[in-house]
Amino acid sequence: MKVIKLRDGKERSLLRRHPWVFEGSIAGGRADAGETVRVESHAGEFLAWGAYSPASAIRVRAWSFDVAERIDASLFDRRIAQAIALRARLPIDSDAMRLVHGEADGLPGLVVDRYGDTLCAQFGAAGVERFKSVMADALLRHSGCARLYERSDASVRALEGLAATTGWLRLPAGDAGTTELTLREHGWRLTLDVAEGHKTGYYLDQRDARKLFADSVRHFGCQRVLNGYSYTGGFSVAALAGGAAHVTSVDSSAPALARATANVALNGFAAARHSVLDADVNQTLRRALAQGERFDAIVLDPPKFAPSAAHAERAARAYKDINRLAFQLLAPGGLLFTFSCSGGISADLFQKIVAGAGLDAGVDGLFYARTSAAPDHPMTVTFPEGEYLKGWAILKR
Ligand code: SAH
């Protein structure tokens, strides 16, 4: 077993069971990509078993803090079984859910989403890449799914020195391997394509926020709705289900908007109640304002403006800008659902940005409800960095 020795004083985060060892904390030792290593303090005490990643700034990701643990197929089998058992206990009103959420499930770098009988996985680190085959088998065994599609094409792969890989990892004989799927979420049906869509095909993390939006649109009687950064129209379907008269979905991806149109039809809503706009959201908000338009509810669910804290300042300006425009566009009593999925923007900072946007717009609003990623994307005690998605429902005065 190869040993990675830390520099003096760098053992603290592993002692707190945080799973990452950065390049700069290491005094000596090396191993192959994904190889299991023993991480020791400078004094030579055992700290963790982990996976070595020679190309990554996160040089080791810990598998276990228990010296007696063996890092083998049976450990991964147990971790996957535990992750799936946890989801079975959570309140998830859908046949689609995140089964494995990386570090939070003791499987650093592995993300697995379930869509009905199909799994879609991202192997995003050298350790999980090395054990891909045993993990794939365990995933099928414990989920009862027969199909597993790999979407290891996220940008994090490059940081790990791994090439992008996509395609079926497991597919039963005779299965034509269609990647176009339909999921059920709350009372709605939505289609996706695990091969073509963003991430693994759908933004499962916003499930509970979409439900809150549908309920709020109904409660407050919102009629005219703007869904900014709509992707395939999840919040648009929610608004129509909540009784909105008309929803405009705005996104810069034409295929996503085509699917939004199809999703509206699939749920039985009249085509006249929905329009799509292939455009930049910021520009769209400015234009709508100039034309004197008003909305009763606006959703802003942009992509990650700040991938890390280093981008926070610029991102903060971008968030503030769109939120200020949305505050201005809302009719009195209107509802703003605003989100940030930037790991580099804390929940506190996001609230300050949104409040600043309201002040700049010259309007007041109630922070009415707070949202976060659905619980199948857990944030845990040992890995608070897992918090990325935060949102507010705000009621304009
Ligand atoms: N709310 C969606 C997820 C949104 S993901 C859901 O519930 O499923 C963010 C979306 O923003 C992506 O679909 C992406 O195509 C889109 N996007 C990125 N930059 C954009 C821009 N400047 N203007 C409009 N859409 C943009």
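Colleague: Which residues come nearest to the ligand, of the 15 around it?

Modeller: Being near means having a heavy atom within 4 Å of the molecule. Here Arg210, Asp251, Ser252, Asp280 and Asp301 come nearest. Keep in mind that this is a predicted model, where local features need pLDDT of at least 70, side-chain atom pairs count only at pLDDT 80 or more, and totals for chains, interfaces and linings use all residues. Residues are numbered from 1 along each chain as its sequence is written, and side-chain values use heavy atoms, with hydrogens and water left out.

Colleague: What lies 2.6 Å from an oxygen atom of the ligand?

Modeller: Look for polar contacts, pairs of N or O atoms within 3.5 Å. A polar side-chain atom of Asp251 sits at that distance from the oxygen. For Asp301, a polar side-chain atom is 2.6 Å from a ligand nitrogen. Tyr229 uses a backbone N or O atom, 3.4 Å from a nitrogen of the ligand.

Colleague: And how much space lies in the second largest pocket?

Modeller: Rolling a probe the size of a water molecule over the atoms shows where empty space is left. A pocket is an open set of points on a 1 Å grid over the protein atoms alone, where a 1.4 Å probe fits, with protein on both sides within 12 Å along at least five of seven lines; lining residues have an atom within 4 Å of a point. The volume, the space filled by probe spheres set on the points, is about 250 Å³ here. Of its 14 lining residues, Arg17, Phe65, Glu103, Gly106 and Thr382 are the closest to the centre.

Terms used. Polar contact = N/O pair within 3.5 Å; in protein donor to acceptor, adjacent residues only side chain to side chain.
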